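Subject: Two-chain model, handover and notes

Hello,

Please find the structure below. My notes on it follow, for you to read alongside the coordinates.

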Amino acid sequence: MSLPEVSTHQQIDELRAEEHHPTPRQYVKVAIVLFVVTAFEVAIYYIEAVGGLLVPLLLLFALIKFVLVVLWFMHLRFDSRLFRRLFVTGMAFALIVFAIVLATFFFRDPGAFTESNGSNGSSSSE
Amino acid sequence: MSTHEVAVEGAVHEEHHTSMGLDNVKMAMWAFLGSECLFFGSMISTYLLYRGRTASGPSPHEIYDIPYTSVSSFVLLMSSLTMVLALAAFQRSDDRQGRIWLLATAFLGVTFIGGQIYEFTTFYEEGLALATSPFGSSFFMLTGFHGAHVTVGILMLLSLYGMSAFGRIEGGRSAARPVEMVGLYWHFVDIVWIVIFMIVYLIPE
């Protein structure tokens, strides 16, 4: 007996995904890595010698944690590629929104990026 | 019919699939989570724009308690582990174990929310309120909306616990679907906090 051609590939894809869900032991291993990375993340915050590398390192550590949770705990590593595309599309749109907001504020009010404590909170061009 | 075909067809009949053969509910959940990226992305952008505008109120480095928030972050991170262990238990039809992990996840979520309420109260006492400054507004809106998402997640976890306890959901790969959907939401809330913790608390001004 054969399955309808239009959906067989995705069905098998999905079934394979479920068959390959990690074991509880693997989940615990991922959680240990997450714990260690978080510990490093907090530790470097207090190490002055890190200096200018602090922000790149924090971004790297956050990226590692993000990817581990999404791929292993949310099973995106094992699930259909369509789910991955849906999520990545949302993330890409979020980055586009961020770029647009940043650009809008920069061109409208460049002073907003340098203004710090003591500001009354209103835009300098207002 | 081969064993594999039987298994595939079994899976097909147990769930509601789209014309592409994918689970409708799961697809909708991923689309929802994609849209949530936009929601939190815009709020994080707003926070980054306004974090330097503190008016007469306290600045971020004056009020943030990094060790305290680190513990909260760890609690939420570990709740993702208990959530995924709950799913694994339901998938192997171990409902009792699944319910225990669901309760553990809800407990960790409540702990996180309790910590956030304490943090908000402390900040308020130190002079940072919603209307104190653009920094205060963007901080409370971002972390407050995240807290609201965690609260909704806790309610869903407790609902799942009740449904399982009263036999409305049972173990097995397909029957564990509701647990998987709530799990996806819960993990998403966790990854949003990973980003918030890094951007809001750890990256210096």
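For the helix pair discussed first, an axis is a line fitted to C-alpha atoms over the stretch in contact, and the angle is taken between N-to-C directions, from 0 to 180 degrees. Please keep in mind throughout that this is a predicted model.

Helix pair in chain A

Helix 2 and helix 3 of chain A have axes 10 Å apart and pack at an angle of about 165°. Angles over 145 degrees count as roughly antiparallel, and helix 2 and helix 3 of chain A are therefore roughly antiparallel to each other. Their crossing is left-handed. On the side of helix 2 of chain A, the contact is made by A:Val30, A:Val33, A:Leu34, A:Val37, A:Thr38, A:Phe40, A:Glu41 and A:Ile44. Helix 3 of chain A contributes A:Leu54, A:Leu57, A:Leu58, A:Phe61, A:Ile64, A:Lys65, A:Leu68 and A:Trp72.

The two chains

Chain A contains four helices and zero strands, in the order α-α-α-α from the N terminus. It has 126 residues, of which 21% count as buried. Taking contacts in chain A between residues at least 6 apart in sequence, 49% join residues at least 24 apart.

Chain B has seven helices and, again, zero strands. Of its 205 residues, 43% count as buried. For contacts in chain B with a separation of 6 or more, 81% are accounted for by residues 24 or more positions apart.

Nonpolar core

The largest nonpolar core has 67 residues, and the members that touch the most others are B:Val84, B:Leu85, B:Ala86, B:Leu87 and B:Phe197. Both chains take part: at least two residues each come from helix 2 (24-46), helix 3 (54-73) and helix 4 (81-108) of chain A, and from helix 2 (24-50), helix 4 (66-91), helix 5 (95-125), helix 6 (134-165) and helix 7 (177-202) of chain B. Helix 7 of chain B gives the most, with 17 residues.

For B:Leu85, once its neighbours within four places in sequence are left aside, the contacts are A:Pro24, A:Tyr27 and B:Trp101.

Helix 5 of chain B

This helix has 31 residues and reaches 45 Å from its first C-alpha to its last, close to the 45 Å expected at 1.5 Å a residue. Its buried residues are B:Gly98, B:Trp101, B:Leu102, B:Thr105, B:Ala106, B:Leu108, B:Gly109, B:Phe112 and B:Phe123. What do the buried residues of helix 5 of chain B pack against? They pack against helix 3 (60-63), helix 4, helix 6 and helix 7 of chain B. After helix 5 of chain B comes B:Gly127, with a positive phi near 100°.

A:His75 has a phi near 60°, a positive value in a residue other than glycine. It is found in the loop between helix 3 and helix 4 of chain A. The cut-off for buried is 20 or more C-beta neighbours within 10 Å, and A:His75 counts as buried because it has 21 inside 10 Å.

B:Ser93 is another residue other than glycine with a positive phi, here near 65°. Its place is in the loop between helix 4 and helix 5 of chain B. B:Ser93 has 14 C-beta neighbours inside 10 Å, so it counts as partly exposed.

Two further residues

A:Arg81 lies in helix 4 of chain A. Is A:Arg81 buried or exposed? It counts as exposed, because it has 10 C-beta neighbours inside 10 Å. A:Arg81 and A:Val55 are 26 residues apart along the chain, and their C-alpha atoms are separated by 32 Å.

B:Phe40 lies in helix 2 of chain B and counts as buried, because it has 22 C-beta neighbours inside 10 Å.

Regards

Note on methods:
Residues numbered from 1 in each chain as written. Chains lettered and ligands numbered in written order. Predicted model: local features only at pLDDT ≥ 70, side-chain atom pairs only at ≥ 80, totals over all residues. Core = buried A, V, L, I, M, F, W, Y, C linked by C-beta atoms within 7 Å. Buried ≥ 20, exposed ≤ 12 C-beta atoms within 10 Å, placed from the backbone. Contact = placed C-beta atoms within 7 Å. Expected span 1.5 Å × (residues − 1). Parallel < 35°, antiparallel > 145°, perpendicular 65-115°, else oblique. Left-handed = near helix turned anticlockwise from the far one by under 90°.
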